[in-house]
Amino acid sequence: MNGFDIAAILAAAAAGFGYLNHRVLRLPATSGTLIVSLVSSVLVLAADRTFPQLKLEEFVATFLGRIDFNETLMHGMLSFLLFAGALHVDLEGLLANKWTIGSLATVGVLLSTAIVGVATWWIFGLLGLGMPLSVCLTFGALISPTDPIAVMGLLKELRAPRSLEAQIAGESLFNDGIGVVVFFAMVSIAGLSPSAHFVLSATGLLTFFAREVLGGAALGLALGYAGYRALKSINDHPLELLITLALAMFIYSLSFWIHVSGPIAVVVAGVLIGNPGRQFAMSDRTREHVDAFWSMIDEILNAVLFLLIGLQVLTMPRDAHVVGAGLIAIPVTLLARLASVAVPVATMSVRGRLGRGIVPILTWSGLRGGLSVAMALSLPKFPGREILLACTYAVVVFSIVVQGLTVRRMLIYYGVGEAAP
């Protein structure tokens, strides 16, 4: 089975699951696709127990084994998904909420990483699942950033005020980049990475963060501006589409070679192209084609991504103590998210009045998704890896299914959303 065969099967399955959701469940695309995928995984397990001679679970597990989830997402899909999401972020709203977004994407991620890491280390110790604090902090780093892929899919279904949408979208896009940087740092500190790109010291850590974050932003600005100038100098929508596609791919690829944050670079370039680029460098016809093209890319890759997340249940450990650890991780992560939102928001409220219910709204709308799963799967084999995988998967499924399907009700409760038509 070659790469084209795998892509064809995934596309067919994603289309079929999407059709089932649209015709039967009628749920938001993100949550609906994941639920159909989860149900399909459960049916495969049930059929395998009933008719073991068919070896259905083994067949699906072997198929999934041919797909490197971490490599597929972190070194491919993520660049397109982040660029597509950043294109539609309102720069004016982003700047108006820059302090809140900046504090949530930095202080919030670091605080959540510390809370989750310490809490799981303590609880696992009580349960006899002893794990080094550095490993638990690694779990905190990979589960703390809200996933822009899941969040941007959610925002399409909501009718929230522009200021709130800017805060949710802006935080999810930028804390993703910060979260990946924190994760790589913690992996090296925990001794889970054979090659670290920084010296393991306070100075080395600060240098690493500065290079990744500031370097990523600089790369995004430089190449994003080059792309903006190129778009402004021509009026040929097929070529302009190609320029935006090349920009997303080249920036992300180059970031790995020069060791800066690819997610931050792609987001910065996407915001630049999606705002001044859209306004000053594109004709009406080009804007229509760019929006249609990137919306199609976004929809297709989202469908495939959440299909894969749902099918991953077949490869996850199912021992009782591992499943129990996963269930414990859900409230721990939610409480950490609450604290990591409340502290920055309380600080920012001194600068001006924030909207009603902003803390519970930002807490509950902070979905985790494929990014956390990809980072967890990138960890090498070590004692306790299965526990971290189960915890990650439990939190991701809970956030997309439970939080994703109920956040609209929370918005309506606080008077900032509209009832579904």
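## Helix α12

S261 caps the N-terminal end of helix α12, with a side-chain oxygen 3.3 Å from the backbone nitrogen of I264. Helix α12 covers residues 262-280, which is 19 residues. From first C-alpha to last, α12 reaches 26 Å. That is close to the 27 Å expected at 1.5 Å a residue.

Where does α12 bend? The bend is at I273, and it is about 30 degrees. A proline, P276, follows within four residues. As for burial, 16 of the 19 residues of α12 are buried, so the helix is largely enclosed by the rest of the structure.

## Confidence

The protein has a mean pLDDT of 86. Of its residues, 92% reach 70 or more. Among the elements, helix α11 (residues 237-258) has the highest mean pLDDT, at 94. Helix α8 (residues 148-157) has the lowest, at 67. Where pLDDT is low, the predicted coordinates should not be read in detail.

## Aromatic pairs

How many aromatic pairs are there? The count comes to nine. In one of them, the rings of F80 and W294 have their centres 6.5 Å apart and their planes at 35 degrees, so the pair is tilted.

F80 lies in helix α4 (residues 69-87), and W294 lies in helix α13 (residues 284-311). The pair therefore ties together parts that are 214 residues apart in sequence. Are F80 and W294 buried or exposed? F80 is buried, and W294 is buried too. F80 and W294 also belong to one aromatic cluster with F83 and F293.

## Cysteines

The structure holds zero disulfides. C136 is in no disulfide, and its nearest cysteine sulfur, that of C391, is 8.8 Å away. The cut-off for a disulfide is a pair of cysteine sulfur atoms within 2.5 Å.

C136 is buried, with a relative accessible area of 0%. C391 also counts as buried, at 0% relative accessibility.

## A29

Helix α2 (residues 29-50) is the place of A29. Its relative accessibility is 39%, so A29 counts as partly exposed. A29 and A248 are 219 residues apart in sequence. In space, they are 24 Å apart, C-alpha to C-alpha.

Note on methods. Residues numbered from 1 in each chain as written. Predicted model: local features only at pLDDT ≥ 70, side-chain atom pairs only at ≥ 80, totals over all residues. Heavy atoms only, no water. pLDDT = per-residue confidence, 0-100. Helix = DSSP H or I, 4+ residues; strand = E, 2+ residues; numbered from the N terminus. Phe/Tyr/Trp six-rings, centres within 6.5 Å; stacked < 30°, edge-to-face > 60°. Buried < 20%, exposed > 50% of the residue type's maximum accessible area, 1.4 Å probe, protein only. Expected span 1.5 Å × (residues − 1). Bend = angle between axes of the 7 residues up to and from the residue. Polar contact = N/O pair within 3.5 Å; in protein donor to acceptor, adjacent residues only side chain to side chain.
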